[in-house]
Amino acid sequence: MFCKRFPVSVMGGAGTRANVISVLLMGEDVEQYPPYRIGVMKQACTQTGYQPPEEDANEADLYEHGLGFLDGFIEEAEARDLPVRHRLEAQSIVWGTLNLPEDGRDDDGGEKLPPGTLDELAADLHLPVGFLQNVEALIREKKQVIFQGPPGTGKTYVAQMLARHLAGGGERCQIVQFHPSYSYEDFVQGYRPTRLEARQPGFQLKDGPFMRSARRAQGDPDGKYFLVIDEINRGNLAKTFGELYFLLEYRKTPMKLMYQEEDESAFTMPDNLYIVGTMNTADRSIALVDLALRRRFAFVDFSTNEEPIKGLLRRWLWAKDLGGMEWVADVVERANGKLDDHHAAIGPSHFMRPDLDEGTVERIWKHNVLPYIEEHLFGERGRLREFALDRLRGMDGEGNAAD
């Protein structure tokens with residue numbers, strides 16, 4: 001009944017929804033109904049040889065399977081004279097022995113490991129799986145996608161995590177950030193000074209991040225390679241992309257690159273190289289990109305006015321057992337309503353910190369959010385009083401001062 005009333009647009013995937021349901025059941029009896037995570041449960045089944053759940057299992061089946069695993073663990077422990085008091089204790093032992101780092105990083109402190117399924121990635125990102133499925137379809141069909149929205153909406157983080165997931169690991173992904181002085185020679189290829197030899201300077205043709213990714217993709221046609229371009233609209237795109245404007249649209253057509261020799265074979269854009277860019281819409285001086293680029297990329301909005309970004313902070317607070325701090329999500333929504341500009345809204349990631357408390361919120365608001373709002377309200381300094389933290393917190397659901 002609960003799942004039928006739970007909009008799929010907010011959170012899809014049986015495993016992801018089972019996570020949420022288990023948190024609610026904890027209020028009934030946490031020792032008998034511990035929290036559930038599908039990724040952890042799958043790994044536990046793999047390492048112990050326990051029969052995994054069916055691929056088409058619904059939320060109830062998944063949770064019942066997880067409880068059955070814990071009951072079996074308790075029985076096995078008792079048979080070995082190792083008493084385990086209840087399911088919560090059994091789960092704590094299982095989770096501890098799986099050696100899962102808290103932040104998802106590997107034992108050497110390296111990059112965050114990509115989740116095994118899109119459902120698990122959606123749960124990690126606190127985004128509906130349907131949203132990620134749509135983005136995956138755009139990447140597959142268009143090959144080039146840009147995430148656009150105000151700062152603090154998680155564009156870059158989602159781009160990196162989704163790229164690593166779809167590529168099957170971070171070794172097939174490369175990230176680069178554009179800026180006004182970035183050029184074709186930096187991005188594609190160009191001549192660079194070499195070490196002095198016999199006191200004579202020299203130059204050598206060197207590949208930029210695009211060509212390095214392209215060559216790796218050409219050498220591994222069965223793999224998927226991703227180039228993530230952060231702040232893509234901060235660069236002079238016509239200057240930086242050069243003939244790539246043509247190649248992005250006509251991937252199967254060979255074309256000579258600017259620095260290729262006459263006897264070299266023309267370059268063909270690898271079909272297994274995907275580009276994910278991020279674009280900040282808050283700065284109006286850089287928010288516009290030419291129509292030629294818009295035709296070559298699919299654009300995904302990270303708008304705070306619409307799901308899934310609108311409810312992201314609230315979902316994150318509940319997932320991190322910070323329901324008592326839910327007022328922060330209310331404050332952010334009220335402030336964005338007063339700004340009335342979805343291009344320059346306050347993003348949720350300012351507050352997505354595991355150590356979040358009232359003091360932390362006050363510091364973030366004073367030293368990060370208010371200066372950002374002041375810049376946006378240039379010439380309207382008197383309006384800053386409207387964005388005082390205490391004032392916004394004291395409002396009711398209609399935006400009026402609470403009694």
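This is a predicted model: local features need pLDDT of at least 70, side-chain atom pairs count only at pLDDT 80 or more; totals for chains, interfaces and linings use all residues.
User: On the β6 side, which residue stands opposite L227?

Analyst: β5 is also joined to strand β6 (residues 273-280), again by five bridges and in parallel. The residue of β6 opposite L227 is I275.

User: Is strand β5 enclosed or open, and how many of its residues are buried?

Analyst: Buried means under 20% relative accessible area, exposed over 50%, and partly exposed in between (1.4 Å probe, protein chains only). Y225, L227 and I229 point one way from β5, F226, V228 and D230 the other way, and all are buried. Strand β5 (residues 225-230) is therefore largely enclosed by the rest of the structure, the buried count being six of the six.

User: In what order do the strands of the sheet stand?

Analyst: The sheet is open, has five strands and is paired in the parallel sense. β2 and β7 (298-301) stand at its edges with a single partner strand each, so one side of each lacks a neighbour in the sheet. Ignoring direction, neighbouring strands are turned against each other by 20° on average. The order is β2-β5-β6-β1-β7.

User: What is the bridge partner of Q148 in β7?

Analyst: Strand β1 (residues 144-149) pairs with β7 over four bridges, in the parallel sense. The partner of Q148 there is D301.

User: At what angle does helix α7 run to β7?

Analyst: Axes are lines fitted to C-alpha atoms, for helices over the stretch in contact, and angles run from 0 to 180 degrees between N-to-C directions. Helix α7 (residues 129-142) lies across β1, β5, β6 and β7. Its angle to β7 is about 165°.

User: How many nonpolar residues does the contact of α6 with α8 have?

Analyst: Contact means heavy atoms within 4.5 Å. L118, L121 and L125 in α6 meet Y157, V158, M161, L162 and H165 in α8. Ala, Val, Leu, Ile, Met, Phe, Trp, Tyr, Cys and Pro count as nonpolar, Asp, Glu, Lys and Arg as charged, and the others, Gly among them, as polar. By class this contact has one polar residue, no charged residues and, as nonpolar residues, seven.

User: How many charged residues are in the contact of α14 with α15?

Analyst: The axes of helix α14 (residues 312-319) and helix α15 (residues 327-339) come within 9 Å and cross at roughly 170°, and the two helices are therefore roughly antiparallel. L313, R314 and L317 in α14 meet V328, A329, D330, V332 and E333 in α15. The classes are five nonpolar, no polar and, for charged residues, three.

User: Which residues does H126 touch?

Analyst: H126 is in the loop between α6 and α7 and is buried, with a relative accessible area of 12%. Not counting residues up to four places away in sequence, H126 touches L312, R315, W316, A319 and K320.

User: Where is E231, and what is its relative accessible area?

Analyst: Most residues other than glycine have a negative phi, and most peptide bonds are trans. The phi of E231 is positive, near 50°. E231 is in the loop between β5 and α11 (237-241) and is buried, at a relative accessible area of 17%.

User: Is D340 buried or exposed?

Analyst: D340, not a glycine, has a positive phi of about 55°. D340 is in the loop between α15 and α16 (358-376). With a relative accessible area of 67%, D340 is exposed.

User: What is omega of the cis peptide bond that joins E307 and P308?

Analyst: P308 is in the loop between β7 and α14. For the cis bond between E307 and P308, omega is about 10°.

Definitions and conventions: Residues are numbered from 1 along each chain as its sequence is written. Side-chain values use heavy atoms; hydrogens and water are left out. Angles under 35 degrees count as roughly parallel, over 145 as roughly antiparallel, 65 to 115 as roughly perpendicular and the rest as oblique. Two strands pair if DSSP finds at least two bridges between them.
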